[in-house]
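Have the sequence and the model open side by side as you read.

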Amino acid sequence: MGTVRKKNDPGRNVIEPDLFDSLPEESREPDLFLDASAAAVPPETRPETRNSPRSVEPERAPLDRPQPKPQPKPPVRPVAKRASGGFWRWVWRLFLLGIFMLLVGIGVAWGVYQHFSEGLPTLKSLADYRPNLLTRVYARDYQLMGEFYIQRRLFIPRSEMPQRLIDALLAIEDSRFYQHPGIDMTGIIRATVTNLKAGGRKLQGASTITQQVARTFLLTSIKSMERKIKEIILSFQIEKRFTKDEILELYFNQIYMGAGAYGMGAAAHAYFARDVSELTLGQMAMLAGLPKAPSYYSPWRDPEKARARQKLVLNRMVELGLATAEEVVEAVEAPLNLVRPKESLEQIAPYYLEHVRRTILEEWGSDQLFNGGLEVHTALDPRLQRVAQQAVRKGLMEYDRRHGYRGAVAHIADVGIQGRGAWLKSHEKTQPTAGGFLHALVLDIPKQGPAHLLLTSGKEALLPMEGIKWARPRRKDAKENRDGRDLGPAPKKIADLLTPGDVILVEPPEGKRTHYTLAQEPNAEAALVCMDPHTGQVLAMVGGYDFSRSEFNRAIQSMRQPGSSFKPFIYTAAMDKGYSPVDRVDDSPLPITYRDPNTGESKVWQPENYERKYYGPTTLRVALTHSRNLVTVRLAKSIGISYIASYLKNFGLEIPADRQDLSLSLGSMGFSPLKMTAAYAVFANGGKRVEPVYIARVQDRFGRTVFRHGGGDCLLCHQEPERIIPQPGESINTPKFGKPTLNPASVYQVVSLMKGVVKYGTARKALSLNRPIAGKTGTTNDYRDAWFIGVSPSLVAGVWVGMDDFSMLGETGGTAALPIWIDFMQEALQGQPITDFAVPPGISLEEIDGETGELPGPQTSQRVFEAFKPGQQPLTPTAEEPAAGEGGSSASGAATTDGEEGGVTPAAPADGNAPPSRSWGPADGSAAPAAPASPSPGGGGSRWGSGGSSSGAGNAPRGGVTPGGGRQGQGEMDGGLY
C-alpha cells in the first residue's frame, strides 16, 4: 500500500496513488479528484462532501500500526423511481405552462384588440343603411323601359325574401349562421382540413356572412392580416348590435352578383328577368353559388362551371335537410331559362328614355337619379312607340330610295384569299345596322347572273339584278335634290352600279322576297311625336333614325321652321276676330317694303304661293285647303301681328318681340316638333291647352308617391287617389287636365277647314285611313323642312323630316312627312271606334259649295257642311269677277317663298297693320263672343267688300281685306313697316 503523507497542507491527508487505487470504488472521495489549486484551499473553507471527514477529525492510528483489511461491501441495488410520480409532475408542469401561455395569449389578444380597435369604422352606416339603389323607368303599362344606376341594386326586405333562396344561400355560404357568434370555429377547422387534403389549395373559405358584411360595408377587399383582424373584431360588434335577420338582410341586398347586379333582387332580374319570388329551386341555387366568384361561375361565361356550382349548392341543401333528393334531381334537370341581356324598351324608345333621364337629372339631381331607388312612371305607350319607330325608319328609307344610290360604303383593292381574310377579320364584330342591313363585299360580277357577295359571317350570297332596280345613281354635278332631277338613268346591269371590291349594305331576304337587295342607310332625319290631346301624355316619341348614330333628339331639341303647318293658328285668331270660313281675302301679289335691322337697307319682301299663281278673292276655306300664302299674310295684317303674338300663347307658343313680323304667319320662326304637336292638341280637345307629360308619377325607395303630374298618370293610378300630391297653387279638387283657353266654336271652325285639307287639299293621301282626320302639311324654303301635323278626336301626332345640316330635302310635307304619319296612325287608331269631332254649342252646320262658299247649286262639285257661328251664313252668289294677278310672278329681286305651303327666307318684314278697330276677341286670347252680322255694303250680302284698305298704307289690289260683311279692317299702323 502507498503511504499517506501530508503535502503542503498540514491539515490535509493526501493518499498516494497506490493507496487510492487499493480503496474500494464507493469509498473514494470526490475531493480527491480536485486539482492542485483545489488542494491548496484551506480545509476550513472547502466544502464538505458526503464522504469527507467532519470538522473535528478523530485521532488516527499511527501509520506504523498495522491496518485491518477492509471488508468488501455488498453491492448496492439501484432504487427504482416511481413512474406515477414523474407522470403527474409532467402533467403539472404542462398545466402551469398552459396557464402561462393562456395568460400570455390573452394579453397579446387584448393588446392586438386595443391596437386595431383604434380607428375602426363605426356601425352607424349599417344602422342607417341606405343602399345605392337603381332608378327604374316604366312605361304606362308597367313594362320596364330602362334603368339608371352606379350599382344595380333592388332592395328586398327580409320579410319578402323567399325562404328557399335563404336556405340555398346559407347552405353554401354559412350553414351555421344562426348558431355562431360571428366567427365560426367549426367552419374554420372544416375549411382547414379540406384545404390541407387538397394540397394547400384554398377550396373552401371560412368567412361567415357576418364577416362578409363587415368586409363589404366597412372595410376594403385588400387581403392582409390587418384587415382580417379588423374583420373579426367588427364581426363580433355587428353580432352584438344587430339581429341575425338584420345581418342577413344587409348581406342579401349588398353582395355583388355579377352582370352589374348588386343583391339578389337585381340578380334575379339580370339573369332570369324575374322577381325573386318567381324563381325556381334550380335558379335559386344558381344565384346562391355566385357570390363566391361571380365572374368565374357566370352562367353566361361558363355554363359548365355554373352548373357544377349549382349542383354543389343543391347537394349541400340535401346534406342539411333543406331539400329532398327528389327536389334536387328535378331542379338539376329543369332548364334554367337564363335570359341573355336583351333589347328592352330602351332600344325602341331611347330618345324618350334619355329625355326622362335629363329631366330627372335637372330636377332631382344626380344622386337621386343614380342612387335614389326611384320608380319613374312615364306616359309611354310601348305599342305606339314601336309603331312610331317602324314608321319613321320605313319612311326615311323610302325617301332615301326615291333619291338614288349614293355609292358603296367603302372599296378594297384585293378581293383574293388574303384580301377576303383581312376584310372578314376587320368586320368580325360588325353588327347589322339600325335598319337591319348587313355589310357585304362584292367578290365578282359576271356578265350574266347575280353578283357574288361575301357577308361578314363568312357566308357567301347572291345579289340579283332584281335587288338593285331601285338604285338610280346620283349625278355628281347635281346641286338640287328635287323631284328626281339629280338622278341618273336606272341601271341596266349590275356592273353599271357596282364593281368587285365594293363594300355595300344589303337587306336579307324577308317575307315573300327570297333574294338579297341593295340597301343604304338614309342621310335624312325625322321626328315623330304622338300625344293624348286630352291629357297631354306623350304616348310615343322618335327623335331620329338611329339613337346610336346620333343622340340629338330632333323631336325636342331641334328648332325648325314649320312653314304652312303654322297657318291654322293664324286662322284660329282670325275666327276669334269674327272672320267666317267663307270670308274672302285677296290672293294677289303683295310686295312689302321693310328695313333690314342689321344693315338699315330698305328691302322688299315678296311672298308668293307654291304654284307661283294668284287667284284673287279666295275664301278662307279654299285658302287653307290649298295653302295660299298671300291670303294668310293679308289675314295676319288685318288682325295685327301683335294680337297674333299674344294670341299664340293660348297654344303654348311664345314669340319674342324681335320676331313679331308678318313672316311669322308663314311659319318663319323655328319650333320643335313637340311644341307644334302640343299646340295642335287644342284642335282635338275643343280649345284646351295641355302641357306635354312625360313623367306621370314618381315613387321614392319606400314606395311613397312624391310627384304626380296633373295631366294624367299610368293605367291604374285611379285606384289610389288618396296619394295624389297637389302641385303648388292647386287643391286636390283642381281639374287634372287642360283648361279651356280658346273659343271652342272658333277652334271647331278651323278643324272643319283642316278636314278640307285632308279631303281636298295637300293631305289627300290621309283619306286612306277612312276616319275623320284634320291636319296641315308644311314645307319651307328650298324644301329644307317637311311637316305634317294631324289630329283625330283621340290622338294628335306630328312628323318632321329634314336634313341636320339644313341642306335641301327635295320633297314637300305631303310627300316626305305625310306617308310616315299615315303609317303610324293606321296602326295607332286600329281597334278604336270611328268618331267625329264634337260640335260645340253655338255652331250650326250648313251645306255650301266648298269652292265658292255659296249655297250649293247644280254645278257644285264639292259639297261641304260649313261651320257657322250665330249670325254667319253662306255667301250670296254674285257676278263672277276675274282673279286678280292670276299667273303673275313675284317682283324682281324679292325674297320669295319657294315651298308648297310657305316658309320664308330669313329677312322678314314687321307687322303692317293693327287689328281691326272692332275687335271680336279680347287681346289676351280668351274666348270671344260670336261676331254680329252686318249687311255687306259691297254686294247684297256678299262678304267680299269693295274698296277700302286694311293696311292703312294704300289700297291693296281688289279692294283689300274685309273680314265680314262691311267689316273693313281700317286702323293705324302697328309700329309701321321698317
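1. Let's start with the fold as a whole. Among contacts in the chain (heavy atoms within 4.5 Å) between residues at least 6 apart in sequence, 69% join residues at least 24 apart. This is a predicted model, where local features need pLDDT of at least 70 and side-chain atom pairs count only at pLDDT 80 or more, while totals for chains, interfaces and linings use all residues. Residues are numbered from 1 along each chain as its sequence is written, and side-chain values use heavy atoms, with hydrogens and water left out.

2. Next, the inventory. The chain has 25 helices and 29 strands; these are DSSP runs numbered from the N terminus (helices H or I, at least four residues; strands E, at least two). Of the 978 residues, 49% are buried, where buried means under 20% relative accessible area, exposed over 50% and partly exposed in between, with a 1.4 Å probe and protein chains only. The accessible surface comes to about 47,100 Å² (Shrake-Rupley method, 1.4 Å probe), and carbon and sulfur atoms hold 55% of that surface.

3. Helix H5 deserves a visit. Spanning residues 163-173, H5 is mostly covered, with nine of its 11 residues buried. Among them are Leu165, Ile166, Asp167 and Glu173. The cover over these buried residues includes helices H7 (209-218), H9 (244-254), H10 (263-272), H11 (281-288) and H12 (303-319).

4. Now for a helix pair. H19 (residues 567-576) and H24 (residues 744-760) pack at an angle of about 135°, their axes 9 Å apart. The axes are lines fitted to C-alpha atoms over the stretch in contact, and angles run from 0 to 180 degrees between N-to-C directions. That angle makes H19 oblique to H24, since angles under 35 degrees count as roughly parallel, over 145 as roughly antiparallel, 65 to 115 as roughly perpendicular and the rest as oblique. On the H19 side, the contact includes Pro568 and Tyr571, and on the H24 side it includes Val750 and Leu753.

5. Finally, two backbone details. Most residues other than glycine have a negative phi. Ala259, however, has a positive phi near 55°, and Ser627 has a positive phi of about 55°. Ala259 lies in the loop between strands S6 (256-258) and S7 (261-262), whereas Ser627 is in the loop between helices H20 (620-625) and H21 (629-639). Are they buried or exposed? Ala259 counts as partly exposed because its relative accessibility is 36%; Ser627, at 0%, counts as buried.
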